[in-house]
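Subject: Structure handover

Hi,

Here is the structure for you to look through. My notes on what turned up follow below it.

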Amino acid sequence: MRRLLFALLVALACARGAAAEERINNFASHVTIDADASVTVRETIAVTAEGNQIRRGIYRDIPTVYTARNGIRMRVGLDVLRVMRNGEEENYATEWLSNGIRIRIGDADRFLDYGQHVYEITYRASRLIGFFSDYDEFYWNVTGDGWGFIIDRASVTIDLPAGARIRQSAGYTGPAGAVGRDFTITSDDGAHFAARTTSPLPPGHGFTIATAWQKGIVAQPDAAQELRWWLTDNAGLFALGATVILACLYYLWAWNKVGRDPARGTIIPLFAPSPGLGPAGARYAYKGGFDDRCYAAGLVALPSTVI
């Protein structure tokens, strides 16, 4: 009987382990675009936690560094407004990544209960609107493509400012750079856009959308603001360039101060025999042997007291 009970418990545990899998059950994003070009995003993420990777909470990576179509590097402004779990305020912290911000959600001293948890992340971002000659566009990776879990369903709704009329829209699913079509657009009428995926997204896959509307609805930054942003985005390059220039100027000054050779004056050749070599020896070295002049030179070089 005990063996049977033990076998049943093992079978139940195995069945639970096979049925339960950490995943994102639903990823719903609601985007509000304001007339001042700011964007408010509210993400509702329902996850199943089984104590494997989701132990104390989750994290959300949001890219904030992009390369524009003209090749210029730009950084998006992002402020986290609120994070909730199961309808209550939740602890979170942000940290910088090489290409964006990571929002770490959870308490380091508390493990999550097994089962489903619903997170709500609200943040405001700037510089997400693309301004073109005859239309403005919002291009957005709804889910991100860095999740290590299956996303069963993903959806997005976008509310544009009053007076906007959607001219065109598109979407993509799959890993970064992919153009998969596993989605459907449920609304693109007037100032409202909505779309959802039609099949689960595997780990590393995401859902991206783009929608465009007529110009004049969202305030476009002027040239002065664009210049300030450009200077801020590339401050690191300016600092690097300034450091190189200052180093070169310093080394030029130091070389000019103490490294230059002294000015060349009049050169007067001075001749003298090698130390210890007298006239006779010099004659011998020059001729390579003795002769009469060696003898004469030796006599002349004798001290006067000897003579």
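This is a predicted model. Its mean pLDDT is 86, and 90% of the residues reach 70 or more. One stretch needs care. Over residues 8-19, pLDDT stays under 50. For that stretch the model has two contacts beyond four places in sequence. Where pLDDT is low, the predicted coordinates should not be read in detail.

Now the sheets. Strands of a sheet pair through backbone hydrogen bonds, either parallel or antiparallel.

**Eight-strand sheet**

Eight strands form an open sheet with mixed pairing. The order is E7-E6-E10-E2-E1-E13-E16-E15. Which strands stand at its edges? They are E7 (88-89) and E15. Each has a single partner strand, so one side of each is left without a neighbour in the sheet.

The E15 end of the order is worth a walk-through. Strand E15 covers residues 183-189, and strand E16 covers residues 192-197. The two pair in the antiparallel sense over six bridges. Asp 189 has His 192 in E16 as its bridge partner. E15 and E16 form a hairpin with two residues between the strands. In that hairpin, Gly 190 takes a positive phi near 65°.

E16 also pairs with strand E13 (residues 154-159). That pairing is antiparallel too, over five bridges. Opposite Phe 193 in E16 stands Ile 158.

**Three-strand sheet**

An open sheet of three strands runs in the order E3-E9-E8, with antiparallel pairing. Strand E3 (57-63) and strand E8 (92-96) stand at the edges. Each of these has a single partner strand, so one side of each is left without a neighbour in the sheet. From one strand to the next, the twist averages 20°.

How many bridges join E8 to E9? Five, with the strands running antiparallel. Strand E9 spans residues 100-106. Within this pairing, Glu 95 has Arg 102 in E9 as its bridge partner.

**Surface patch**

Last, the surface. A nonpolar patch is formed there by Ile 245, Leu 246, Leu 249, Leu 252 and Trp 255. Together they have about 540 Å² of accessible area. One of them, Leu 252, lies in helix H3, which covers residues 235-259.

Best wishes

Technical notes. Residues numbered from 1 in each chain as written. Predicted model: local features only at pLDDT ≥ 70, side-chain atom pairs only at ≥ 80, totals over all residues. Heavy atoms only, no water. pLDDT = per-residue confidence, 0-100. Contact = heavy atoms within 4.5 Å. Patch = residues over 30% accessible without salt bridge, like charges linked within 9 Å, V, L, I, M, F, W, Y side chains within 5 Å. Areas by Shrake-Rupley, 256 points an atom, 1.4 Å probe, with all protein chains shown as cover. Salt bridge = Lys/Arg side-chain N within 4 Å of Asp/Glu carboxyl O. Helix = DSSP H or I, 4+ residues; strand = E, 2+ residues; numbered from the N terminus. Pairing = 2+ DSSP bridges. Axes fitted to C-alpha atoms, helices over the stretch in contact; angles between N-to-C directions.
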